[in-house]
Amino acid sequence: MAEEEGFSPTMLTEGMRHSDGGFVAPEGLCWVSVLSCLLLACSYVGSLYVWRSDLPRDHPTVIKRRFTSVLIVSALSPLFVWAWREFTGVRTDSSLFALMGIRFEGLIPAIILPLVLTMVLFLGPLMQLAMDCPWSFIDGIRVALDPCFWTLCFSDMRWLRNQVVAPLTEELVFRACMLPMLVPCAGPSLAIFTCPLFFGVAHFHHVIELLRFRQGTLSGIFLSAVFQFSYTAVFGAYTAFIFIRTGHLMGPVLCHSFCNYMGFPAISTALEHPQRLLVLSSYLLGVLLFLFFLFPFTAPFYYGLPTPVCTLTSYPSSLCLS
């Protein structure tokens with residue numbers, strides 16, 4: 001009798017069956033999914049502060065210590081998805097790693113197309129960078145092919161954090177692990193906009209360090225935090241979109257790394273550029289081409305239908321089909 005009144009995985013699974021074909025989230029599933037995501041986000045951010053130090057975040061010693069803690073949490077993050085799946089009773093034909101976007105089918109398109117799409121969006125900043133760069137195109141190719149250049153990059157802790165560790169661990173935790181837990185509850189479309197909230201809030205921890213080292217006024221730090229939350233939330237929605245459409249982790253990781261390299265577009269600098277008309281035209285053209293190619297470049301057809309994460313929902317979604 002106690003089992004009938006209590007909460008059980010069977011109740012969650014049964015809630016996914018309905019006669020009218022519509023989508024109704026199983027009772028209790030959303031609470032379990034949200035709490036699991038919240039716990040995972042807190043574990044990731046909390047791991048950054050297990051080390052007591054008076055040094056700033058960009059100090060090599062701090063970066064190395066944080067590498068250790070976030071890599072441990074990231075390595076353990078699939079256990080959160082496994083525990084969630086075992087508790088809720090949600091089942092699919094896909095393996096745990098496939099749900100998290102770690103698979104071989106469609107891997108080559110997943111590496112190329114989302115990154116090209118993101119570069120199209122950054123056409124304006126790329127044009128601006130090319131015009132202001134003192135190197136010629138040939139010089140740039142030579143540097144990119146020089147092993148010494150990459151040796152210097154990988155020996156730079158800040159570069160390694162921004163281009164490798166942060167994109168890999170954040171996309172693994174905040175996209176690959178959270179979206180499989182949110183899609184059965186909210187559906188693919190709503191999950192795209194729910195998942196980035198955890199990602200955006202997780203970046204508020206930078207405020208603690210800005211206040212701690214008094215890097216700016218209180219109002220300036222607050223405005224910076226609001227801007228960073230907004231920017232990371234929008235970016236998180238974009239990579240969540242890529243993850244659901246492609247069913248791969250690699251695409252979001254590469255796009256994240258590229259965006260970290262480019263930074264937020266320097267629109268104010270573009271307005272003052274000597275070739276302002278050409279630069280601003282490139283900005284506009286990049287946005288238009290991005291919108292035009294957004295769905296064709298992420299069509300699930302290239303990555304294997306249906307993508308594993310889309311099998312977690314009990315109703316068809318246009319995001320998963322075309």
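Biologist: Is the crossing of helix 6 and helix 13 left-handed or right-handed?
Modeller: Helix 6 and helix 13 cross in a right-handed way. The rule is that the near helix, turned from the far one by less than a right angle, gives a left-handed crossing if anticlockwise and a right-handed one if clockwise. Before we go on, this is a predicted model, so local features need pLDDT of at least 70 and side-chain atom pairs count only at pLDDT 80 or more, while totals for chains, interfaces and linings use all residues. Residues are numbered from 1 along each chain as its sequence is written, and side-chain values use heavy atoms, with hydrogens and water left out.

Biologist: What makes helix 6 and helix 13 roughly parallel?
Modeller: They pack at about 30°, with axes 8 Å apart. Angles under 35 degrees count as roughly parallel, over 145 as roughly antiparallel, 65 to 115 as roughly perpendicular and the rest as oblique. So helix 6 and helix 13 get the label roughly parallel. The angle is taken between N-to-C directions, from 0 to 180 degrees, using lines fitted to C-alpha atoms, for helices over the stretch in contact.

Biologist: Which residues of helix 6 and helix 13 meet?
Modeller: Among them are Leu107, Ala110 and Pro114 in helix 6, and Met250, Leu254 and Phe258 in helix 13. To meet is to be in contact, with heavy atoms within 4.5 Å. By class, that contact has eleven nonpolar, two polar and no charged residues. Here Ala, Val, Leu, Ile, Met, Phe, Trp, Tyr, Cys and Pro are nonpolar, Asp, Glu, Lys and Arg are charged, and the others, Gly among them, are polar.

Biologist: How do you know that helix 12 is roughly antiparallel to helix 13?
Modeller: The axes of helix 12 (residues 218–246) and helix 13 (residues 250–262) come within 9 Å and cross at roughly 150°. That angle puts the pair in the roughly antiparallel class. In helix 12, Phe235, Thr239, Ile242 and Phe243 do the meeting, and one of their partners in helix 13 is Cys255.

Biologist: Why are helix 6 and helix 12 called roughly antiparallel?
Modeller: Helix 6 (residues 107–121) packs against helix 12 at about 150°, axes 11 Å apart, so this pair is roughly antiparallel too. Pro114, Leu117 and Thr118 in helix 6 meet Tyr238, Ile242 and Thr246 in helix 12. That contact has four nonpolar, two polar and no charged residues.

Biologist: What makes Pro184 buried?
Modeller: Pro184 has a relative accessible area of 0%. Buried means under 20%, exposed over 50%, and partly exposed in between (1.4 Å probe, protein chains only). So Pro184 is buried. It lies in helix 10, and its C-alpha atom is 8.9 Å from that of Cys310, 126 residues away along the chain.

Biologist: Which residues of the largest nonpolar core touch the most other members?
Modeller: The core has 64 residues, and the ones touching the most other members include Met100, Phe174 and Val309. Helix 10 (residues 157–202) gives the largest share, 19 residues. Such a core is a set of buried Ala, Val, Leu, Ile, Met, Phe, Trp, Tyr and Cys residues joined through side-chain atoms within 4.5 Å.

Biologist: How many helices and strands does the protein have?
Modeller: There are 16 helices and zero strands. Helices (H or I, at least four residues) and strands (E, at least two) are DSSP runs, numbered from the N terminus.
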